[in-house]
Amino acid sequence: MSTTSTSDATGSTPLVLPGGTWTLGGREVTRFGYGAMQLAGAWVMGPPADHDGALAVLRAVVGAGITHIDTSDAYGPHITNDLIREALHPYPGPLLVATKVGANRDARGGWPTARRPEDLRRQVQENLQALGVDVLDLVNIRMGDANGPQVGSIAEAFETLAQLQQDGLVRHLGVSNVTAGQVAEARAIAPVVCVQNMYNLAVRHDDDLIDDLARDGIAYVPFFPLGGFTPLQSDALSAVAQRRSATPMAVALSWLLQRSPNVLLIPGTKSVKHLRENITGAATMLSEQDLADLDTIGR
Ligand SMILES: NC(=O)c1ccc[n+]([C@@H]2O[C@H](COP(=O)([O-])OP(=O)(O)OC[C@H]3O[C@@H](n4cnc5c(N)ncnc54)[C@H](OP(=O)(O)O)[C@@H]3O)[C@@H](O)[C@H]2O)c1
């Protein structure tokens, strides 16, 4: 597995980012990225319990050489983007910040959909303002609902984003929580540089889609790579982890990096310690036997 050398997140021990790089919308980004959702308060609502700790994680992310951060103005809402701006603005040149539109938050922490053209235009403006930029690097339209992708056309929503791209407010477009058919529908409207769906050792619905996207040079960005709010647990995973003297999280991440070169990681954490563990752990080399054993989990 290729690696990207970096300076240590704390300046003490050298860290190496595993997985090398991927060209995302013409920009080279590290395949080991960072998902910022967990920086908001509990259940992604309100401010973090440790504001300075959240800023420290974001600075450690960039300090480690990571050049791909995933966010959304719905996280908090508005909290995560504000933290990113406070910690990192003006952004280092190589850093790509990807955001998402398509949902609001309600007072109970729900994620009501908001995908009418006027909703999407407002959310793009809110992201621009919160992140403090004139153009958003990458915007994903989040479709479906909490149960996953739902059938139906995404044309109106994606055409709206394509128009915002034409207007110069967005550089690149992606789709999230979508079916393979919806990816194809979006690609017929405008170029799609990434697909962000739920995928991990235990959730493998997108195996064929990942391979198809790899052939077409499109990134696949799995959300909940570690299981999200329900950490991955399995006897097969524990056994492989023990064999490799690694943690189950390390094995779950290294498996994703080895799954396909177009898979970009965005594991979330609000802990610098966990960030560092994940960077080092994701370099774990898995054997053919390990991969075969891990394959039994998702079947
Ligand atoms: N498109 C979408 O619809 C969608 C939906 C959900 C998420 N996302 C994106 O995907 C990203 C990743 O998802 P996620 O953060 O929810 O889930 P995740 O990466 O699967 O897991 C994050 C959880 O794992 C824990 N964790 C991370 N490293 C650990 C370690 N080394 N040891 C122990 N625990 C560890 C974190 O706790 P600690 O904070 O304590 O480390 C956190 O609770 C999000 O940040 C977001 O950007 C997108």
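This is a predicted model: local features need pLDDT of at least 70, side-chain atom pairs count only at pLDDT 80 or more; totals for chains, interfaces and linings use all residues.
Leucine 226 counts as buried because 22 other C-beta atoms lie within 10 Å, where 20 or more are required. Residues up to four places away in sequence being left aside, leucine 226 touches Asn200, Pro231, Leu232, Met249, Ala252 and Pro267. For alanine 252, which stands 26 residues apart from leucine 226 along the chain, the separation between the two C-alpha atoms is 6.5 Å.

Alanine 252 is also among the buried residues of H8. This helix, formed by residues 248-259, has twelve residues and reaches 16 Å from its first C-alpha to its last, close to the 16 Å expected at 1.5 Å a residue. Helix H8 is mostly covered, with eleven of its twelve residues buried; these include Pro248, Met249, Trp255 and Arg259. The elements against which the buried residues of H8 pack are strand S2 (16-18), helix H6 (207-215), helix H7 (235-243), H9 and helix H10 (288-295).

The loop between H8 and H9 holds isoleucine 266, a residue that is buried, since 22 other C-beta atoms are found within 10 Å. The C-alpha atoms of isoleucine 266 and alanine 114 are separated by 24 Å, the two residues being 152 residues apart along the chain.

Proline 48 lies in the loop between strand S5 (34-35) and H1. It counts as buried because it has 20 C-beta neighbours inside 10 Å. Beyond residues up to four places away in sequence, proline 48 touches Leu39, Ala40, Gly41, Ala54 and Lys270. Proline 48 and isoleucine 79, although 31 residues apart in sequence, are 8.2 Å apart in space from C-alpha to C-alpha.

Two helix pairs were also examined. The axes of helix H1 (residues 51-63) and helix H2 (residues 79-88) come within 9 Å and cross at roughly 60 degrees, and the crossing of H1 past H2 is right-handed. In this contact, Ala54, Leu55, Leu58, Arg59 and Val62 of H1 meet Leu83, Ile84, Glu86, Ala87 and Leu88 of H2. By class, the contact of H1 with H2 comprises eight nonpolar and two charged residues, with no polar residues.

Helix H2 packs also with helix H3 (residues 117-131), at an angle of about 35 degrees and with the axes 8 Å apart. Here Asn81, Asp82, Ile84 and Arg85 in H2 meet Asn127, Ala130 and Leu131 in H3. The contact of H2 with H3 is made up of three nonpolar, two polar and two charged residues.

Key:
Residues are numbered from 1 along each chain as its sequence is written. Helices (H or I, at least four residues) and strands (E, at least two) are DSSP runs, numbered from the N terminus. The expected span of a helix is 1.5 Å times one less than its number of residues. Two residues are in contact if their C-beta atoms, placed from the backbone, lie within 7 Å. Axes are lines fitted to C-alpha atoms, for helices over the stretch in contact, and angles run from 0 to 180 degrees between N-to-C directions. A crossing is left-handed if the near helix is turned anticlockwise from the far one by less than a right angle, and right-handed if clockwise. Ala, Val, Leu, Ile, Met, Phe, Trp, Tyr, Cys and Pro count as nonpolar, Asp, Glu, Lys and Arg as charged, and the others, Gly among them, as polar.
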